[in-house]
Amino acid sequence: MFGLSFLAPAFLAGLAAILIPVLVHLRHRERREAVAFPSLMFLQQIPYKTVKRQRIRHWSLLALRCLILALLAAAFARPFFSRAEAGIALDSARDLVILVDRSYSMGYEGRWARAQDAARSVLDGMDRDDRAALVFFSTGAQAASGLTGDVAALRAAIDAAKPGAGATRYGPPLELARRLLEASDRGRREVVLITDFQRVGWDGQQDVRLPPGVPLTAVNVADGDDAANLSITAVNFDRQTVGGRERVTATARLAYKGAQPLSGVPVTLEVNGIELETVTVDVEPNSAQAVTFDPFTLSAGESRGIVRAGTDALPPDNRFHFVLSPGQAVSVLVVEADGAAAQRSLYLRRALEIGDRPPFRVDVTRHGTLRADAIAGRDVVVLNDAPFPTGAAGRALIEHVRRGGGLVVTLGERSSPASWEGDATELLPGAFGAPVDGAARGVTLASLDRSHPIFELFRAPRSGDFTTARVFRYRPLQLAGMDGVLARYDDGAVALAEKRVGRGRVLVWTSTLDNFWTDLALQPVYLPFVHQLARHAAGYAESRPWFTAGQVLDLAAARDSMAFAPGGDEPGTTSELAAGQAAGAVSATTLPGLAGGELVVLAPGGARTMIGGDHPRVLELAEQGFYELRPAGQANAAPYTVAVNLDLAESDLTPIDPQELVAAATAADPGTAVAATTAAAGSIEDHERRQAFWSYLLIAALLALAAETALAGRLSRAAS
Amino acid sequence: MEQHSLPGARFVDPKVLARIGNLELLAKTVVDGFINGLHRSPYLGLSLDFAEHRAYIPGDDIRRIDWRLYARTDRFYVKQFEADTNANVSILLDVSRSMSYGREGIPKLDYARFLAACLAYFSQKQRDRIGIATFDRDVVEYVPPAAGHFELVMHALDRARAGEPGELRAPLAKLAENYRRRGILILISDFYEEPAAVRDAVRRLRNRGNDLIVFHIMDAAELEFPFQDAANFEDLETGTRIPVIPEYVRERYRELVTNHVATLQRMLGEDAVDYTLMNTSTPLDQALFTYLATRERLNRVR
């Protein structure tokens, strides 16, 4: 039958069962039991005839019974109509999906032009009734149009397209093509793949199959290319503070795939538009090399840098963008109690001063001499066994926390519960009491919340053993609820607790951070613990010198990191910000009025976008270069700059045999025949399931059965 | 056989009558209803009414005195009916095994019993002397005809059961010796013997000067042979089995049966025996009608 196929053709053998009613009808129907008759006087006078030939009497009943069996056999065989399998088109019109690779490797000399020519050639070959869909792909796939016969629009889309900054992935476009063509009801369906067939785009594991019978035409625009390519894979930075200024030593890593050596390749470092240094290198075939530049001093604010390495047929990966900011140091003010022993904060200070990622700038003062302006611009204030400040200093401390600053409170002999009164009580996660002595050998830290940023560093095995530290005395801390406890001693008492106040954090360590009440300061885990404590209290987040094209930027973090230009700011904040910036403090303070506000994004290609304050939360970084983000209406404000580089995997131009990909996608390769067959079978099953002819056949069989029952009964009554 | 439909004769459907458990009641129902129907029918030739008067003789039933005539004549006269003949009526009932057959209607023996009961009741109303003999291959039961034997006849009919194979010649020959006085013999059978043998057996009864009425009882299946499925057919009397394909034998069988009936009718008719074929589906009033017609003729001949 035209285009008719069966999912389970073996059941058609059941048609042989049609012979059963025929045989039954023809068979000599003899009653087993004898019929009692008064006398055989007359019957015995009739000559006996043997039955040689039977005949069918009720043709309609026989036909009905045969029909029932035929319908049942056909239903179980699961028939379906598949124009593709029949290989016969209901009409000659064609549906075509054109997949065009616009990954950045297509920017290799001449490839994109050849791709556009190929796409135009495909459009020129379309008949009047044909339809085509244009799909551009790199890391993902987007349909520039649905299936349409508007060739002019398709041509315009091809003319306007350019290679992007994404890498190549063949799975998404093939999957999109499959979906587009499965929705098509035309007999002729085709896919054309225009690409440079990079091996990195196809790992062979993608489970994508085009619908059965759909040919995939491969157009290789890289054919004949010399795939030699030099790329900058990464730039590392070594930062040192010299004479109060931060100096950075940049090292660029080069990778070269090519058969011929390269000589005299200029590698240039450019910062803020100024070419600082050019190093000339020779590169061996298929090799990697590092180029280190002389240190340079970071100026205030953001510094944009670009490393360039010569030029070749694929220029985009010969550039590497980065953004560096100075003043990443975390400013820490340690407040000691009046009358505290000298060098009370020795261990704390020394531990913090060792850090360089970020560096901590530690100042120590006494409770009695603490002034409000000393708190200004600090990232973290540590009340190291000191009472809560009074007067303006206390108010300044409360404001410091509310605005996003960090407060670490260590409880010792001189910590005074009575000093925490009024507004200060809101800073504490709970009330603390009189000192408690631990067991004879002291208590240990038994329960840590290793999912918390402070202890996340210690999650891996052998990354820090807190159980070696002994706490001999601590102040019990009574929390209102279970939330906020980050660590407990082995006797169940709270060791470390956190509370969010406004935009800031308060961390309470219920013992000392020196060697008076505990020997934690003598343990190896003390230094990283103190660094994590200070980092978390400061809300420190390491800034990224660059992103990779395709990644997304968290706009909330960007908003938090943005600064206003002088003038037009809210009173009281500019000086603080200026003071903080001058001191090299990290600009991690969120300024009031900016939170949730609109942003203007300037993409590397020049496009401007306005992003609303409430959404979206992320920005996709699709282009290579520098993105600038500014608050709306603040054209003069210093922008928040994000550097974006290409996915360097795409720089590997090693090709794949197009037929390998075609075979895998169309299941034409014998090596993948089983998998392809399974996938094709799955598609056939879906096709049959959608048509579900078996249900109609079963219903017809049931109706025929009812008719047979009625007819048989009527014939039986008529016979009797 | 002519079919007469008498008013009020619906109750004589044999299948309906079969539900009446009491044979005498059944007979009374049929006969009285039949008679009532006769009174309203145009068939006035059947004489059951008053025929003549005769002078009262002491001992006569005073209920038969015609008081109107007395009022006119001042003398006692009794009514006398035409059927008041006091004949000997004997019913000869075949109770051979073949009489137990019944497919389309009630079993032939039951039909025969109902018929016999009706005839006995009817005759008793006519003041005949009633007797009965049942037979298969021998005489099973014999009640000589006599006045007052009606109850015995009914009891004999109640007891009649078909069980043994039968034949006509021997039992009828034996019975013929008992019926020395001229009377009316009603032979009820299915006559599964050759017509010549039937005639010979019946002649013995006829030779005594008896008037013979024959009722040939057959089931509709015996007449039409409506069977469909091929099967072994078993003779009820002999147990013989033969395979039969009904669709092949039906037509010939019907011919044979028709010929048999026609031959019987002709042969018996030649011996002045009244022959009536009774289909067990036929209402009993037809049999009564036939009987009355015969009695009418016999009375006139007398």
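Strands β4 (residues 94–101) and β7 (residues 188–195) of chain A pair in the parallel sense, over 7 bridges. Pairing here takes at least two DSSP bridges between two strands. Strands and helices are DSSP runs, E of at least two residues for strands, H or I of at least four for helices, numbered from the N terminus. Within this pair, A:V100 has A:I194 of β7(A) as its bridge partner.

A word on the source. This is a predicted model, where local features need pLDDT of at least 70, side-chain atom pairs count only at pLDDT 80 or more, and totals for chains, interfaces and linings use all residues. Residues are numbered from 1 along each chain as its sequence is written, chains are lettered from A and ligands numbered from 1 in the order written, and side-chain values use heavy atoms, leaving out hydrogens and water.

Back to the sheet. It is open, with 5 strands in the order β6-β5-β4-β7-β8 of chain A, and its pairing is mixed. Which strands are at the edge? They are β6 (141–143) and β8 (216–220) of chain A, each pairing on one side only. Neighbouring strands are turned by 20 degrees against each other on average, direction ignored.

Now the helices. Helix α4 (residues 111–124) of chain A lies across β4, β5 (131–137), β7 and β8 of that chain, at about 175 degrees to β4(A). Helix α6 (residues 171–182) of chain A lies across β4, β5, β6, β7 and β8, at about 165 degrees to β4(A). For the angles, axes are lines fitted to C-alpha atoms, for helices over the stretch in contact, and values run from 0 to 180 degrees between N-to-C directions.

On to the interface. 35 residues of chain B are in contact with 25 residues of chain A, contact being heavy atoms within 4.5 Å. The two chains bury about 2,800 Å² between them, 69% of it on carbon and sulfur atoms. That is accessible area (1.4 Å probe) lost on putting the two parts together, summed over both. In chain B, the residues losing the most area to chain A are B:Y192, B:Y248 and B:L256, together 18% of what that side buries.

How many salt bridges cross this interface? The rule finds 0, asking for a Lys or Arg side-chain nitrogen within 4 Å of an Asp or Glu carboxyl oxygen.

Last, a strand link between chains. Strand β2 (residues 35–37) of chain A runs parallel to β8(B), joined by 3 bridges. There, A:V35 stands opposite B:F233.
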